[in-house]
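Have a look at the model first.

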Amino acid sequence: MEYDVVAQEIGKKYGNILALNDISFSVGRGEIFGLIGPDGAGKTTLFRILTSLIIPDSGNAMVCGLNPVADYKRLRLKIGYVPGKFSLYQDLTVEENLQFFATVFGTTIQENYYLIKDIYSQIEPFKTRPAGKLSGGMKQKLALSCALVHKPDILFLDEPTTGVDAVSRREFWEMLKRLKDFGITIIVSTPYMDEASLCNRIGLINKGKLLSVDTVDAINQKYPFPIFAVSGPKLNKLQAFLREQPLVESAYLFGQALHVSINKGASGEMLQNVIRSAGLLDVTVEPILANIEDSFMILTE
């Protein structure tokens, strides 16, 4: 496999805060790779290093075969970057923003219009509107269009769906799938665990440390404990009770049920008996497969 990104032991500190702790991973050409983790995990710092905006304290990276530090001028012509905060010119119109970025990269809107037409056609009716007056979803589509106007080899998207409604989130990921068909490598960071399944592979990151890199299925298959969905009344009280039991490894609330992991070799019947011993009779215990949230929680422990 050819790799568009290879990162080796990248480290970065801000004062006494370790933002990135020896991060190593690779991204294959044409992949959709997701960097999944909460706010403050180090996602934005890593993106800024890979896109040549800041210099790492240690380690090195190759992006499109170029070093982001030594070859930053050439690299910036090969990548598209959409930062987490809307950073286009808010007083310029939609069309003026797109024209500006095309000019910066020495191209025209028409030259690569085939690449952005599905995205830009949705905001073209508002092309004379100032960018600052667009809705959140429309702003993201404009930012994506501007990042694609020069036909980059790699697209970096830093939390592109944060603050966007559910319908726009779904539309955005459909657009990314179509872009992948054009051969563009896509690296996207998100705090939303449900978006992990939309990526070819993911990296789970927390507190500057990369916890695991693989497909979602492969990560979940490594879950080390039997896990059950426990449903019933007063789940908060039930969670507190279960966390005190020697049998239980972890208990977290997911939607309308608790996901409860128990010791290796233990059984659902044993868990049911523990719950009944506390007089909690109206409770159901069902075996389940671990999901990516379960895997993330156990890895962070």
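## Where the domains meet

How much area do domain 1 and domain 2 bury between them? The figure is about 840 Å², with 74% of it on carbon and sulfur atoms; buried area is the accessible area (1.4 Å probe) that two parts lose on being put together, summed over both. Met193, Leu211 and Asn220 supply 63% of the area that domain 1 buries against domain 2, more than any other three residues.

Domain 1 spans 3-220 and domain 2 spans 223-299, bounds that come from an automatic or database domain assignment. Their C-alpha centres lie 37 Å apart. To the contact (heavy atoms within 4.5 Å), domain 1 gives 14 residues and domain 2 gives eight residues.

## Salt bridges

Across the interface of domain 1 and domain 2, the rule finds zero salt bridges, taking a side-chain nitrogen of Lys or Arg within 4 Å of a carboxyl oxygen of Asp or Glu. The whole structure has 13.

## About the model

This is a predicted model, where local features need pLDDT of at least 70, side-chain atom pairs count only at pLDDT 80 or more, and totals for chains, interfaces and linings use all residues. Residues are numbered from 1 along each chain as its sequence is written, and side-chain values use heavy atoms, leaving out hydrogens and water.
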